[in-house]
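Please look over the sequence and the structure before reading on.

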Amino acid sequence: MLHAAGDPVAILMPPDATVEQIDQMRRQLGLDRPLYVQYGRFLLRAMKGDLGVSYYHGVPALRLVLQRLPASLELVVAAMLISVILALPLGIWAGLRPRTLLDKSSLLMSLAGISAPPFWIGIVCILIFSVELKWLPSSGRGTFAHILLPAGSLAVYRLALFIRLIRAGMMDVLSQDYIRTARAKGLPERFVVYKHALKNTLIPFVTIAGMQMGSLLAGAIVTEKVFAWPGMGRLFLDSIGKMDFPVIIAWTIVTAAIFLSINTIIDILYVWMDPRIRHDY
Amino acid sequence: MFGWIRGFAMTTNGPLNGLPRARFLKWEYTPAENRILHTFLSSYITMAAVAVLILLVVCAILAPVIVPVDPVLQTLSARLKPPAWMEGGVSSYLLGTDRLGRDVFSNIIYGLRISLLVATLSVAFSLVIGLSLGLIAGYARGFWESLIMRAVDIQLSLPLILVALCFMAIFGAGLYKMIFVLAVVGWAEYARTVRGTVLSIREKEYVEAAKALGFGPITIMFKYLLINSITPVIILSAVQVPRVIILEATLSFLGLGVPVTTPSLGLSIARGYQVLFSGAWWASVFPGVALMFLTGAINVIGDWLRDALEPKSREAAGR
């Protein structure tokens, strides 16, 4: 793998470096050893939690990645909040009134949201809110205003997906027998919708929303690039450009760990929400 | 215009639906055909989507004929020209030019070509891989099934973009590398769907009967299991194609997709992104609009296909 994409030393060294300097650099990074020696050393060190030192930044790669983790998580959580908070009322509303104008327009909007490439949505947001209206900053991290554009554009796809999901779920649940029973009991409609129907709609929704957490993290890579957001994803993309392999490996391991924990949390949440599943374990 | 067909289609949708009846008119449709036609004709948005898709595909195929300017030609004297209808626009550059004087319109048309090429080839490859593995997993059961399905689980637990990104980072940019990578990351959904279908019909009487008659596993797989998997596979493909188109654009936007000399919608948007703050919005907006229309049209057609071919899912969704 290390030799597949090119030579990191050639990128690190200035163009006028001498052959001796290049060789010294290669020795210093351990890249002069055979591949199996490099791999063995990497495995031994990795078991002790040492994923190597970044070729470019000169600091431990794992620390570099973990430093960028909060920024990425901030972005993902903000995007998740935006999409869930907007999707719930819109989805419920559309699900309660199928085939009306509002339902149709929300479906059409969600179609556009699902079809447009996420990075392009980010660019259009920059054009509208930063370049034209000059309301919000287009890049960087810091104040509340900085997170609105990246989180908003990252949220668009999930928002569209969630609206469709909640709408379909609501319509499905509302046609069930227990809803008819609840209505026949004379419960107020508000109670039927929010207590009985919504609760049952939310069970599958939580699983899919949780799985979207992972894909949000992956989607954030591109958004971080568009908005120059100092997160893990941008570090990863920059490291690919510089062939900074220790950082790429550290990023991969951290991302895999995050995915594992997200999947575990969803499983636990799911069992907690729907006791019927417990019998399978 | 289609009223007579529609009116007729309605009559076959009555209470006798599904029962054997005399074909009293020669152009009577089977219930399945009737449903497909009926749902198609009753939805303007589906018809519009088909029209848009046909238009875009024809444009992509006829690209060398209709494109006014060579898409890679850099005309430094015509840098950042606005679209033709705006002040300062030139009629030969319909949608303006980018930072190096490349025609945006021509790049879009040629970019559609790359998008469609990548999407159809890689989806076709992942279909073949996933279909074969799904058939094997569903038919053979036991060890091979667990092996294949664990691989599917691992593949599906990671977002496509993440896997594709890592592969492209290792292999480097390239058109055929990307088709290969996208084919490899897309197989799992097909395998899962096909296995599910196979499991649901492998115990059916006609399959048992075929076994009893001495047909070999290959014949059974192709003649019964494969045929029954076609509908879900078509529906899945209508979801996978737009997904792969967006993935291709995203990878190319990041510089990890096609080489920079290839006209691609993702690369066009990336170039437009570089001149975003100089007011040249057309270089990034128009390629994205083209992408959105392409994937949007396929998404609508996919929704319609799912409703028409799998009426159960329509009832479940309440439509």
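In which hand, left or right, does helix 7 of chain B pass helix 8 of chain B? In this predicted model, the crossing of helix 7 of chain B with helix 8 of chain B is right-handed.

**Helices 7 and 8 of chain B**
- The axes of helix 7 (residues 160–171) of chain B and helix 8 (residues 175–201) of chain B come within 10 Å, and they cross at roughly 145°.
- Helix 7 of chain B brings B:Leu160, B:Val163, B:Ala164, B:Phe167, B:Met168 and B:Phe171 to this contact, while helix 8 of chain B brings B:Lys177, B:Met178, B:Val181, B:Leu182 and B:Val185.
- Sorted by class, the residues of this contact are ten nonpolar, no polar and one charged.

**Helices 4 and 11 of chain A**
- Helix 4 (residues 61–96) of chain A and helix 11 (residues 245–273) of chain A have axes that come within 8 Å and cross at roughly 55°, which means that helix 4 of chain A is oblique to helix 11 of chain A.
- The crossing of helix 4 of chain A with helix 11 of chain A is right-handed.
- On helix 4 of chain A the residues that meet helix 11 of chain A include A:Ala61, A:Leu62 and A:Leu69, and their counterparts on helix 11 of chain A include A:Pro246, A:Trp251 and A:Val254.
- The contact of these two helices has eleven nonpolar residues, no polar and no charged ones.

**Where chain A touches chain B**
- Chain A gives 34 residues to the contact, and chain B gives 34 residues.
- Several helices of chain A each supply at least two residues of the side that touches chain B, among them helix 5 (101–115), helix 9 (189–226) and helix 11.
- That side of chain A divides into 25 nonpolar, seven polar and two charged residues.

Key. Residues numbered from 1 in each chain as written. Chains lettered and ligands numbered in written order. Predicted model: local features only at pLDDT ≥ 70, side-chain atom pairs only at ≥ 80, totals over all residues. Axes fitted to C-alpha atoms, helices over the stretch in contact; angles between N-to-C directions. Helix = DSSP H or I, 4+ residues; strand = E, 2+ residues; numbered from the N terminus. Parallel < 35°, antiparallel > 145°, perpendicular 65-115°, else oblique. Left-handed = near helix turned anticlockwise from the far one by under 90°. Contact = placed C-beta atoms within 7 Å. Nonpolar A, V, L, I, M, F, W, Y, C, P; charged D, E, K, R; others polar.
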